[in-house]
Amino acid sequence: MKKICLIVFVSLIFSLSIHAKSKKEKTIVKVDGSSTVYLITEAVAEKFQESKKGSIHVTVGISGTGGGFEKFCKGEIDIADASRPIEQKEINSCKDKKITYVELPIGYDALTVVVNPKNTWVNSMTVAELKKLWEPTPEGQTPITQWNQINPTWPKTKISLYGPGAKSGTFDYFTKAIVGKEKSSRADYMPSEDDNTTVTGVAGDENALGYFGFAYYSENMDKLKAIAIDSGKGTVIPSQEAVEHGTYQPLSRPLFIYVNTQSLKKKHVKEFAEFYVNNAQTLVADVKYVPFQKAEYDMVKVRLMGMQQGTVFAGKAEAGLKIKEILQRKPKI
Amino acid sequence: MTAEIMKDIKKKIYEHKIYDRVFSLIGVILTFMVLMVLFVLLIDLMRNGVPRLSVSFFTSYPSRFANRAGILSAWVGTILVMTVTAIAAVPIGVAAGIYLEEYARKNWITNLIEINITNLAGVPSIIYGLMALGIFVYQLELGQSILTAGLTLSLLILPIVIVSTREALRTIPIGIREAAQAAGATKWQVVKDHLVPYSAGGVFTGIIIALSRAIGETAPLLTIGALTFIAFLPDSPFMGEFPYISFDWLLSPFTVMPIQMFNWVSRPQIDFHKNAAAAGCVLIFMSIGMNALAMYLRYKYRKKIQW
């Protein structure tokens, strides 16, 4: 009998406290989405909490860009991390739930094509060569399995390919930029969810080629060789400067955060978003991505403060855009 | 003639003994190989991780600097989620086990239940995550919280708890039940005073092994929305004012050890990989600790039993 009383009592408190909780407004900023942008958001969140001495809490998840937008368009999170612009079907599902947003570019990533340092024959590749290598084999043609099939001066050895898995935003952007159609890629390569697998694979195989975000190259420069990309205006090796000056094309990609306008009306979310844009220049560089110029962040800030809703991409994937162009366009819902 | 037969038989026996030896040798070699792999993995993990272990590693939140990052939110999250899992799974699992073993009539419904439980134990964990996302997160509106995570994992381990409870009950000789009933005990008295205490060791072992499976789960927790960066702890369960105990922590967002580890492993910087190894060591110590506890409890309860 005593035990039963105890159980009833405990469950009573339990239900009471849960009830009380739902009335309490918590100052939490919820962010979720891309694992690429996560590294930047984590840095911002850490610094923001330090500066607020813990009075505002920030949580960041990694659901992937698509997963992030799914939650964002259900109104579950305040900010979505995205390594590509919002797509048409995501625009529609946000519209259905009457969720509006401000699109803020926050930095660049440079997709880097790497080979083994022992590979002496390739120093640069044209976009056409990369396309030939990565596109799904056109009907009636033999698939490319050896280096000399791309360029006759290269050796007749087997080529092994590494890259990110099909769920990754990096994969989406690379296929769009190189092959010309999003998600269109040959399938006989080693896909990995963790880019370190590609690092290890290419570092251990003379005939390998792979691609991933710049940070994975800059941490492993001693084990890998980056390939200069020729998009018709001469070869450009990926570097901080080349990305900043907009010459590393078409593999520089902008990264975004999307802020819910309803949330933006709350003081703590607004403070966080402002803090994000104000500190992006240093923090983006800290986590090995490429920041914009100060003047460009000022334009981003104008977009945030003016609460300019919508996207400038109209749901279509585009590759090779310079940040100036992106910022000069007017966002549309 | 007889000598010849004897010789034949001896030869046969000799041959068979050789097969015996060969088989046991193969067994030893295979066991040794498996253990070697495990040891190499463990040693590699320790070599990378142990130098990183320090007090501040346990008391720091995740950070963009590898040497400042720690697992505070992760280990607190893991312990809280495991507590909820145990509280939810143990009473239901043990009760279901006792019912199926002692009370249930052998008919088609019982058979159906038994088949389902066995099958449930083999369902991939991400399926539980998807179901929990639909039921706990959206239907019951529990949110992406410690409570949801705990309940999800408790569903995951429920079949294991049920099966091990039944196994433990089966090891009790039928004579015990008959003797107690002969002395006039009701079924409930038999269960309460004899079966439960005698099987406690086995039941505890089952529970702890189930929990040490749950502690390493990532997939279902990611599905329901476990976070990766969280630099604050859930509210304390104790308060200074009425009603003194708070359950707010149940609805708090969280992360757990394996998720934190996975995040660190997939980063480009090698220093984060060392953090991941260190977190791996902690996780392994946690589950070795739980297994040791299981062994101790089994030993303790077995010693108490006097038939």
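Predicted model: local features only at pLDDT ≥ 70, side-chain atom pairs only at ≥ 80, totals over all residues.
## Chain B: two domains

Five residues from domain 1 of chain B and six residues from domain 2 of chain B make up the contact between them. Look at the side of domain 1 of chain B that touches domain 2 of chain B: three residues are nonpolar, two are polar and none is charged.

## Chain A: two domains

Chain A is also assigned two parts: domain 1 (26-108 + 253-328) and domain 2 (110-244). Taken over C-alpha atoms, 29 Å separate the centres of domain 1 of chain A and domain 2 of chain A.

Here the contact takes 14 residues from domain 1 of chain A and 17 residues from domain 2 of chain A. On the side of domain 1 of chain A that touches domain 2 of chain A, five residues are nonpolar, six are polar and three are charged.

## Where the chains meet

Chain B puts 23 residues in contact with 26 residues of chain A. Two elements of chain B, β1 (229-230) and α10 (257-265), each supply at least two residues of the side that touches chain A. By class, that side of chain B has 14 nonpolar, seven polar and two charged residues.

## A strand pair across the chains

Strand β2 (residues 57-60) of chain A pairs with β1(B). The sense is antiparallel, over two bridges. Within this region, A:Thr59 stands opposite B:Ile230 in β1(B).

Conventions. Residues numbered from 1 in each chain as written. Chains lettered and ligands numbered in written order. Domains from an automatic or database assignment. Contact = placed C-beta atoms within 7 Å. Nonpolar A, V, L, I, M, F, W, Y, C, P; charged D, E, K, R; others polar. Helix = DSSP H or I, 4+ residues; strand = E, 2+ residues; numbered from the N terminus. Pairing = 2+ DSSP bridges.
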